[in-house]
Amino acid sequence: MRALLILWRRELALAWSGGGGPLLACGFFLCLTVLVPLAAGGDPAGLKPVAGGIAWLALALSSILSLERLFERDLEDGALDLIALGPVPLELVVIAKAKAQWLAIGVPLALTAPVAAITLGLPPEQAPLVAVSALIGALGFALTGALGAALALGSKRGGLLIAVVVLPLFIPPVVFGAGALERAVSGLSPAPALALLAAYVLFAAVVTPFAGAAAIRNAQG
Amino acid sequence: MLSVADLTLSRGERVLFRDLSLSLAAGEAVALTGANGAGKTSLLRALAGFLRPDAGTIAFADADPAEAQRRHLHWLGHLDGLKGARRARDELAFQAQWLGADADGIAAAVDVLALDPLADLEVRQLSAGQRRRLAFVRLIAAPRPIWLLDEPFAPLDARWRAALGVLMQAHLDKGGAILAAVHDPLPVASRAVELGAGR
C-alpha cells in the first residue's frame with residue numbers, strides 16, 4: 001500500500017510538471033466547447049438539444065490528450081523497468097497510474113464540464129448532474145485510456161495509435177453520459193444511464209489491469 | 001543465489017546465444033563480456049524478467065522467479081529511469097523508496113555518493129556521470145542481494161569508478177552477488193563469462 005502511495009504521489013507530480021497537463025486538458029476542453037457553437041452558426045437554440053452530447057464528446061477528446069505520457073515516457077527513459085522490479089505487481093501499477101490520471105486530468109475536466117455544458121445551452125440546474133456524471137465517466141476514460149496507452153507502447157506515432165484504439169472504447173461512456181443529461185433535461189430520472197456508466201467503469205476496472213500489464217510486459221521485451 | 005541452465009535467447013529472428021549455463025553465488029561478482037550485440041544486455045534483461053527466453057531455465061535460490069525479481073534484484077541498465085524535469089532529490093527518493101528504502105538509508109546513500117550538492121538541481125542539469133551516481137542510490141539505500149548491472153562504470157570518471165568499486169566490494173562482503181555486463185575490466189569480478197555473437 002505504501003509503495004502504491006509513493007507511485008501515486010509521483011504520478012501526480014509528473015502530471016503537473018513540465019507543462020501543466022490538467023490546465024492543458026481543461027483549456028482544450030473549453031476551446032472545443034467554444035468552437036462547436038461557432039462552427040454550428042452561433043445559434044444557441046439549435047445547439048440546446050445536443051449540448052450534453054457535445055460536452056461529453058469534448059470531455060472524451062480532452063481525456064486523450066495526456067495519455068501518451070502515462071507509460072510511453074517511462075518506457076523510453078527506463079522508469080518502467082524500475083517500476084516492474086518494485087514490490088507491487090504491474091497489474092496494480094496500471095490501476096495506480098489510471099487513478100492518478102483520473103485525479104490529475106479527469107477530476108479537473110469534470111469540474112470544468114458544468115461550465116462547458118452551460119455554455120453550450122444546458123440548463124444551469126443540471127450542473128451538479130453534469131459534474132457527477134463527468135466524474136464517473138472520467139474514471140472510465142482514465143481506465144480504458146490507460147489500456148490504450150499500454151497497448152500502444154513502443155509503437156511509432158504512439159499518440160495517434162492511442163487515439164485510434166481508445167476512441168471506440170470511449171463510445172459507451174459518451175452515450176451513457178449524454179443519455180443521463182438528456183433524460184434529466186426531459187424530466188426523467190438519469191439513474192439508469194448513470195448505472196450503465198458506473199457498470200462501464202467497473203468493467204474497465206476489471207479488464208484494464210490485466211490487459212494493460214500484459215501489454216507492458218510485451219513492450220518491455 | 002542465481003542459476004541459469006541451457007538458456008537460449010533470440011531477438012527477432014537472430015539467436016543471441018544457445019544453451020547458456022551460468023551460476024552466481026553469494027559474495028561473487030561475474031563479468032559478462034563479449035562484442036556489441038553478443039547478448040549481454042539481453043541476458044541481464046531476461047534475468048530481470050523483462051525478456052522471455054526461447055528455452056532454458058532461470059532459478060533463484062529459495063524463491064519463485066517472479067517474486068525474486070520483485071524482491072531480490074536490482075537492475076541498473078543504460079537507461080536510469082530518472083525524469084529530467086524533476087529535482088534530483090525527488091527522483092532518487094522515489095527510486096529508492098519504491099524499492100523499499102527508508103529515509104535513513106536514502107540519506108546515508110546520498111552522503112556516500114556525495115550527492116547533497118546536486119540534490120536540488122533538476123535531473124536534466126546533471127551530467128551523465130552524476131546521473132549514474134544518482135541511480136546508484138537505490139542500490140545502496142534499498143539493499144537487495146543480486147545486482148544486475150549494464151555497463152555500470154561507463155559514464156563515470158576515474159575517482160567514481162574507484163569509489164563505486166569499493167561500494168560493490170562492500171556489497172559482496174555482505175553476501176551479495178553482482179552480474180555486470182562490461183567492456184572495461186570489472187575490478188571486483190572473480191570470473192568472467194564471455195558471450196559470443198550468434199553462438
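Domain bounds, as used here, come from an automatic or database domain assignment. In the predicted model described below, that assignment divides chain B into domain 1, made up of residues 1-72 and 145-199, and domain 2, which spans residues 81-143. The centres of domain 1 and domain 2 of chain B, taken over C-alpha atoms, are separated by 23 Å. Contact between the two domains draws on 7 residues from domain 1 of chain B and 7 residues from domain 2 of chain B. On the side of domain 1 of chain B that touches domain 2, helix α6(B) gives the most, with 3 residues. By class, this side of domain 1 of chain B consists of 6 nonpolar residues, no polar residues and 1 charged residue.

Chain B contains an open sheet of 5 strands, ordered β5-β6-β7-β3-β8, in which the pairing is parallel. Its edges are formed by β5 (73-76) and β8 (191-195) of chain B, each of which pairs on one side only. On average, and with direction ignored, neighbouring strands of this sheet are turned by 15 degrees against each other. Within the sheet, strand β6 (residues 146-150) and strand β7 (residues 177-181) of chain B are paired in the parallel sense over 5 bridges. B:Asp150 has B:Ala181 of β7(B) as its bridge partner.

The loop between β7 and β8 of chain B includes B:Ser190. This residue counts as partly exposed because 13 C-beta neighbours lie inside 10 Å. When neighbours within four places in sequence are left aside, B:Ser190 is in contact with B:Glu28 and B:Ala29. B:Ser190 and B:Val30 are 160 residues apart along the chain, yet their C-alpha atoms are separated by 6.1 Å.

A further open sheet of chain B has 3 strands in the order β2-β1-β4, with antiparallel pairing. Here the edge strands are β2 (14-24) and β4 (55-60) of chain B, and each pairs on one side only. Neighbouring strands are turned by 25 degrees against each other on average, direction ignored. Strand β1 (residues 2-11) of chain B pairs with β4(B) in the antiparallel sense over 5 bridges, and B:Ser3 stands opposite B:Ala59 in β4(B). Helix α1 of chain B (residues 40-47) lies across β1, β2 and β4 of chain B and runs at about 120 degrees to β1(B).

B:Asp6, placed in strand β1 of chain B, has a phi near 50 degrees, a positive value in a residue other than glycine. With 12 C-beta neighbours inside 10 Å, B:Asp6 is therefore classed as exposed, the cut-off for that class being 12 or fewer. B:Asp19 is located in strand β2 of chain B and has a positive phi of about 50 degrees although it is not a glycine. B:Asp19 also counts as exposed, because 11 C-beta neighbours lie inside 10 Å.

In chain A, helix α8 (residues 127-151) and helix α10 (residues 171-185) have axes that come within 10 Å and cross at roughly 170 degrees. Angles over 145 degrees count as roughly antiparallel, so α8(A) is roughly antiparallel to α10(A). The contact brings A:Leu129, A:Val130, A:Ser133, A:Gly137, A:Gly140 and A:Phe141 of α8(A) against A:Pro173, A:Gly177, A:Ala180, A:Leu181 and A:Ala184 of α10(A). The residues of this contact comprise 7 nonpolar, 4 polar and no charged.

Elsewhere in chain A, helix α5 (residues 67-77) has as its buried residues A:Leu67, A:Arg69, A:Leu70, A:Phe71, A:Glu72 and A:Asp74. Just after α5(A), A:Gly78 adopts a positive phi of about 90 degrees.

Between the two chains, 18 residues of chain A are in contact with 23 residues of chain B. Helices α1 (2-16) and α6 (79-84) of chain A each supply at least two residues of the side of chain A that touches chain B. The most is given by α1(A), with 5 residues. By class, this side of chain A has 9 nonpolar, 6 polar and 3 charged residues.

Technical notes:
Residues are numbered from 1 along each chain as its sequence is written. Chains are lettered from A and ligands numbered from 1 in the order in which they are written. This is a predicted model: local features need pLDDT of at least 70, side-chain atom pairs count only at pLDDT 80 or more; totals for chains, interfaces and linings use all residues. Axes are lines fitted to C-alpha atoms, for helices over the stretch in contact, and angles run from 0 to 180 degrees between N-to-C directions. Helices (H or I, at least four residues) and strands (E, at least two) are DSSP runs, numbered from the N terminus. Angles under 35 degrees count as roughly parallel, over 145 as roughly antiparallel, 65 to 115 as roughly perpendicular and the rest as oblique. Ala, Val, Leu, Ile, Met, Phe, Trp, Tyr, Cys and Pro count as nonpolar, Asp, Glu, Lys and Arg as charged, and the others, Gly among them, as polar. Two strands pair if DSSP finds at least two bridges between them. A residue is buried if 20 or more other C-beta atoms lie within 10 Å of its own, exposed if 12 or fewer, and partly exposed in between; C-beta atoms are placed from the backbone.
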